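User: Please take a close look at one part of this model: the cavities and the residues that line them. Say how each term is defined.

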Amino acid sequence: MDERTRSKSLLGEFLSTRRAQLKPADVGLPDYGDRRRVPGLRREELAQLAGVSVAYYIRLEQGLSLNASPQVLDALATALRLDDAERRHLHTLTGDTARQSRRRLPTERVTAAVRQLVYAFGDSPVVVLGRRSDILTWNRAGHALFAGHLAPDSPDHAATRPNTARLVFLDAHTRDLYVDWPRKARDVVGKLRQAVGEYPNDPQLASLIGELTMRSPRFATLWAEHRVRGWDMAEYRMRHPMVGELDVLQHSLQVPRGQGIRVVVTTAAPDSTAQAALQLLNQTLLPAADRPATADPAADTLVRVVPPARS
C-alpha cells in the first residue's frame with residue numbers, strides 16, 4: 001500500500017468508525033428505532049450536522065479527498081463530538097500525513113541532552129519513550145516502579161528493549177500494577193492511534209499493532225474503536241508489589257526536535273502516602289550500608305528484588 005492510499009484508508013476508517021459510535025439521540029436527532037439500517041449516524045445526517053454536502057462527505061469517508069479545509073475538519077470534529085486530541089488526529093490524517101510520511105524517520109536515540117534532563121529529575125521515576133512507546137532508557141527509580149522484574153539494562157539493546165504497550169497488554173506484572181487497568185489500556189491504545197496518524201508508514205509500528213492485535217483480544221477490540229489519547233498528564237492508582245498502593249501523576253514532556261521521543265516523569269502529591277511510598281522505593285535501591293535504619297527486618301530482602309542499574 002503506497003503512502004497516499006494508506007492515508008486515505010486511515011481517514012476513511014476513522015470517520016466511519018466514529019460516525020457509527022454516535023447515536024441520533026446524542027446529537028438531538030430523532031431515532032426511528034428498528035427502521036434504521038446502519039449503526040450510529042447516517043452519512044447524510046453527519047454531513048448535515050457539519051454543514052457540508054453529502055457527496056463531499058462521502059468522498060472524504062471513502063478516502064477520495066485528502067484536501068479538506070481546516071474549517072471543514074473542525075466542523076466534522078464538532079459533529080462527531082471529538083475531544084482536542086481526536087480533533088488534532090483528524091487534521092493529521094488529511095493532507096499533512098502524506099507529506100510527513102515521506103520523511104525518512106531517524107533512528108531513535110537518547111542524546112546527552114536527554115540524559116541530562118533525566119538526571120535533573122533526581123529521584124523521581126523517569127522513563128524515556130520513543131514514538132512506538134519503546135522504552136529507550138530509564139533511571140533507577142523508573143525501572144523499579146514500572147518494571148523491576150526486567151533487567152535494568154534492557155532498554156540499551158534493541159533486541160530486549162521493553163515496549164509499554166506490550167507490557168500493558170501482555171505482561172502480568174504490568175497488568176497488576178494498575179488498579180484501573182482497563183483505563184490504562186485505553187490510554188495506551190489511544191496513544192498508539194495518535195502515533196499511527198503521525199507515522200503511518202513506520203513498518204515497525206505496523207508490526208507492533210499486528211502483534212498486539214493477534215495476541216490480545218482486548219487490544220484488538222480497543223483498536224477497532226479508533227479512540228485517540230493525547231500525551232499530556234494522567235493520574236493513576238498503582239499497586240506496587242514492594243510499596244503498596246499509591247496515587248501518582250505521569251507527566252509526558254516532548255523532547256524538542258526529538259521526532260516523537262518523550263520523557264515521562266512520575267510524581268506524587270507533597271506529604272502524601274504516595275510520596276512516602278516513592279521515597280521508600282528509592283531507599284530500597286541504596287546499598288544496605290547507605291539505607292536509613294529500619295525496624296523492618298524484611299527491608300534487606302526488598303533491595304535484592306530490584307537490582308541497581310549498571311553504571
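Analyst: In the second largest cavity, helix 11 gives the most to the lining, with 3 residues. This is a predicted model, in which local features need pLDDT of at least 70 and side-chain atom pairs count only at pLDDT 80 or more, while totals for chains, interfaces and linings use all residues. Residues are numbered from 1 along each chain as its sequence is written, and side-chain values use heavy atoms, without hydrogens and water.

Helix 11 covers residues 181-198 (a helix is a DSSP run of H or I with at least four residues, numbered from the N terminus). The volume of the second largest cavity is about 50 Å³ (a cavity is a set of points on a 1 Å grid where a 1.4 Å probe fits but cannot get out, and lining residues have an atom within 4 Å of a point). Its lining consists of Arg186, Val189, Gly190, Leu222, Glu225, Arg227 and Arg229.

Around it are Gly130, Arg131, Ser133, Lys191, Gln194, Ala195, Glu198, Tyr199, Trp231, Gly260 and Arg262.

In total, the structure has 3 cavities of 30 Å³ or more.

Terms used
1 Å grid on protein atoms, 1.4 Å probe; cavity = no way out; pocket = protein on both sides within 12 Å on 5 of 7 lines; lining within 4 Å. Points joined across faces, edges and corners; volume = space filled by probe spheres on them. Helix = DSSP H or I, 4+ residues; strand = E, 2+ residues; numbered from the N terminus.
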